[in-house]
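Below is a set of questions and answers about one protein structure. Keep the sequence and the 3D view open while reading.

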Amino acid sequence: MSFTPPQAEQRFVLDHIVRLDELAASERFADATPDMVDAVLEGVGQFAAGEWAPLDRVGDTVGARWTADGVVMPDGFVAAYQAYVEGGWGTIGSPTDHGGQGMPFAISTAVLDTLGAANMGLALCPTLTVGAIEALMHHGSPQQQAAYLAKLSSGEWTGTMNLTEPQAGSDVGALRTRADPLGDGKWSITGTKIYISYGDHDMAANIVHLVLARTPDAPPGTKGLSLFLVPKYRLDAAGAPGDFNDVRVVSIEHKMGLHASPTCVLSFGDNADCIGELIGHEGGGIAAMFTMMNNARLNVGLQGVQVAERATQKAVAYARDRIQSARAGSASREPVAIIEHPDVRRMLLRMKAQTQAARALVYYAAGQVDRANLGGVDARKRLDLLTPLAKAHGTDIGNEVASIGIQVHGGMGYVEETGAAQQFRDARITPIYEGTNGIQAADLVGRKLGMDNGGVFLAHIADMRAEAKDTGLIALIDACEEVGRHLLTADTDDKLAASYPFLTMLSVATCGWLMERSGMIAAGAEGDPAFLSLKRAAARFYVEQVVPEAQGLKAAAMAKAEVLYALTPEAFAA
C-alpha cells in the first residue's frame, strides 16, 4: 500500500497543542511562519512518500548486512539517505551558527514523524544524529563544535550513542571501557560497546561516536564516567575524514524487527590506535550523555507515533478492501467490506484515537523544548515531567496499535506477505531502548514527581483540571493527584511497585486533556469535513472509552509492594 503523510493532523496538532504561533512570535523562531510550516510539511511529505516509503519493505526483508568491509545497507538506502542530505531535511532544527535552519524543535519533530512513518528503520539514523548534535551543542568545545556540528547538522556525517557493554546494560556505572591520556587533549580509547544503532553503515562519509568511558583513577560508578568524541575516521588538516580510527564493527545483531537498522557490536582500540577527545570535563560523562538521552527519549516516543501511523494506514486500507460476510442485522445478505462491521470499526477508531493521542503528547513535550530554549523555566520543568510519559506511553501505544493492526488483517496479518507484522516487530524494541519503560516509570516517581516538592506535578494537574470538561476525565485527573500525593511520601518499594500504573494513568490523563481540547476545537473549526469529523470522533472515543480504562489502574497504583515479595525467587518457577 502507498504511504500518505499525515499533514493535516500534524498541522492541527502544531497549531492547537504546540501553539506554534506563540513560538513564532519570538525573534528566535520568527521564520516559522504559517507558509513556511506548510512548505516544510508538504515538502517532507512528498519526499518521504516518494523516496523513503518504497524502501520500507526491502529494509525489513533484506536488512543491513555485515561484511568484511563493514555494514552494507539494503539497495536504495544510500541514495535515499543522500537525497535526505541534499534536501536539507536534517538542517530544519539545527542551529543556524552551524549551517542549520534554526526552526523550532516541534517542526523537526513533525519532519521526523513523517520520515519515520514512511521508513522507521532508516529514520533511526538521523534520530541518533540529533542526539549527538545536542550533546556537542551543550558540552562540546568551540573547536569540536566547529569541526563536527555543520556536517552532523546536514547529515553528511552521522552520530551514535555508545553506552551499553556486555556486562553493563541499565547499570551504566558498571561500564569498563577505558580512556587513557595521550597528551594534547587526546585519549586512547579501548573497550567494547554493544547494541549500537547505526554503529556502522555505508551511507555517510564519517560516523561520530560519542562514547562513555572511564579515565585512570576515576571513582567507581557513574561519577567516574566521561564522554568522548570518537570518529570512525580521524579528521585531517582540512577537517575532512582521514585515517581510520581503529573502531571496528565486530558483528551486527539478528533481531526481531528494525532489520534495516544495523545494531552493532563495536570494538575500540584493538590495535591501540583509537583516539578520542574529551567532551566537557572528566567525570561529566553522565550529564553530557543525558543531554543526548533526554532528546532521544522524546524521539523514541515519537517512534511509537510513527509505527502507529503506518500500522493504522495499513489497517484502514485493508478493512476498506476486504469483503467478508454480511453486516449483522442488515436486511441484505450481501458480503460487505469488513470496515462495515462494528468490532472492526471499534478497532480502527481505537487505532486512530490512540495514534492521535500519542502524537499530541509527544508534540506537546516538543513544544516545551522550544519554550525552554526561549528561557522558560517552568517549561523546562514541565518537559522534565513529560519526558518519561512521552517515551513510555508513546511506545506502549505504538505496540498496542501495531498489534491491533494485525488483528484487523486477521490471519493475513500473521502472514508476512501483507507487511502488517513488520510494524509489530519493529515497534517491540521501542519500550526497551533509551531506558526501558520501567526505568521511565521509576524516573517519574523517583525524580520527576518530587520536583519542587511536588509543585511541578501539581502545576500540571492544575492546568489539566482548569480546562477539562468531561466528568470522567476530571475524575481521572483527580485520581492522578491523589495517587501522586500518596507516592510523594511512600517508601521506595511502594513507589516503584506503583510506578508503571501511575505513569499510565498520568499519561492517559494528559492525552485525554489534549484530545478533549482537540475535539472541541474541531467542533467549531472550518476545513476538510472528513478530517474534522474524524478528529471529533477520535477525541470523543478517547475521552469516553480510553480515559475510563486508566481509572481502573488506581488500585494498582495505590497498592503496596508487599504482595510482590510474598514469594521467594524459587517460588516463581513453581
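Q: Which cysteine holds the sulfur closest to the sulfur of Cys480?
A: This is a predicted model, and cysteine sulfurs must lie within 2.5 Å to count as a disulfide. The closest cysteine sulfur to that of Cys480 is 11 Å away, too far for a bond. Cys480 itself is buried, at 0% relative accessibility. The cysteine with that closest sulfur is Cys511.

Q: How far is the sulfur of Cys264 from the closest cysteine sulfur?
A: Cys264 is buried, with a relative accessible area of 0%. Its closest cysteine sulfur belongs to Cys125, and the gap is too far for a bond. The structure holds zero disulfides. The distance from Cys264 to Cys125, sulfur to sulfur, is 11 Å.

Q: Which residues of helix 14 are buried?
A: Helix 14 runs over residues 455-467 and has 13 residues. Residues three or four places apart on an α-helix point the same way, because there are 3.6 residues a turn. The buried residues of helix 14 are Val456, Phe457, His460, Ile461 and Met464.

Q: Why do the buried residues of helix 14 lie on the same side?
A: The residues in question are Val456, Phe457, His460, Ile461 and Met464. They lie on the same side of helix 14 because the arc they cover around the axis is only 140°.

Q: What covers the buried residues of helix 14?
A: One of the buried residues is Phe457. Phe457 forms a ring pair with Phe502, which lies in helix 16. The cover over the buried residues of helix 14 includes helix 10 (342-373), helix 11 (377-409), helix 15 (471-489) and helix 16 (492-523).

Q: What span is expected for helix 14 at 1.5 Å a residue?
A: From its first C-alpha to its last, helix 14 reaches 19 Å. That reach is close to the expected one, which is 18 Å.

Q: What is the angle between the ring planes of Phe12 and Phe531?
A: A pair of aromatic rings is described by the distance of the centres and the angle of the planes. The structure holds ten aromatic pairs, and one of them joins Phe12 and Phe531, with 6.0 Å centre to centre. This pair is edge-to-face, and the angle between its planes is 65°.

Q: Which residues are linked into a cluster by ring pairs?
A: Planes over 60 degrees apart count as edge-to-face and those under 30 as stacked, but a ring pair of any kind needs centres within 6.5 Å. Ring pairs make a cluster of Phe47, Trp52, Tyr81, Tyr84 and Trp89.

Q: The charged end of which residue sits over the ring of Trp513?
A: The charged end lies 5.2 Å from the centre of the Trp513 ring. It belongs to Arg517.

Q: What phi does Arg19 take?
A: Most residues other than glycine have a negative phi. Arg19 is not a glycine, yet its phi is positive.

Q: Is Tyr198 buried or exposed?
A: Tyr198 lies in the loop between strand 5 (186-197) and strand 6 (206-214), and has a positive phi of about 55° although it is not a glycine. Its contacts include Ser261. With a relative accessible area of 1%, Tyr198 is buried.

Q: Is Pro166 buried or exposed?
A: Pro166 lies in the loop between strand 3 (157-162) and strand 4 (178-183). Not counting residues up to four places away in sequence, Pro166 touches Thr192 and Ile194. Over 50% relative accessible area counts as exposed. At 59%, Pro166 is exposed.

Key
Residues are numbered from 1 along each chain as its sequence is written. This is a predicted model: local features need pLDDT of at least 70, side-chain atom pairs count only at pLDDT 80 or more; totals for chains, interfaces and linings use all residues. Side-chain values use heavy atoms; hydrogens and water are left out. Helices (H or I, at least four residues) and strands (E, at least two) are DSSP runs, numbered from the N terminus. The expected span of a helix is 1.5 Å times one less than its number of residues. Buried means under 20% relative accessible area, exposed over 50%, partly exposed in between (1.4 Å probe, protein chains only). The arc is that of the directions from the helix axis to the C-beta atoms. Contact means heavy atoms within 4.5 Å. A charge sits over a ring if NZ of Lys or CZ of Arg is within 6 Å of the ring centre and within 35 degrees of the ring normal.
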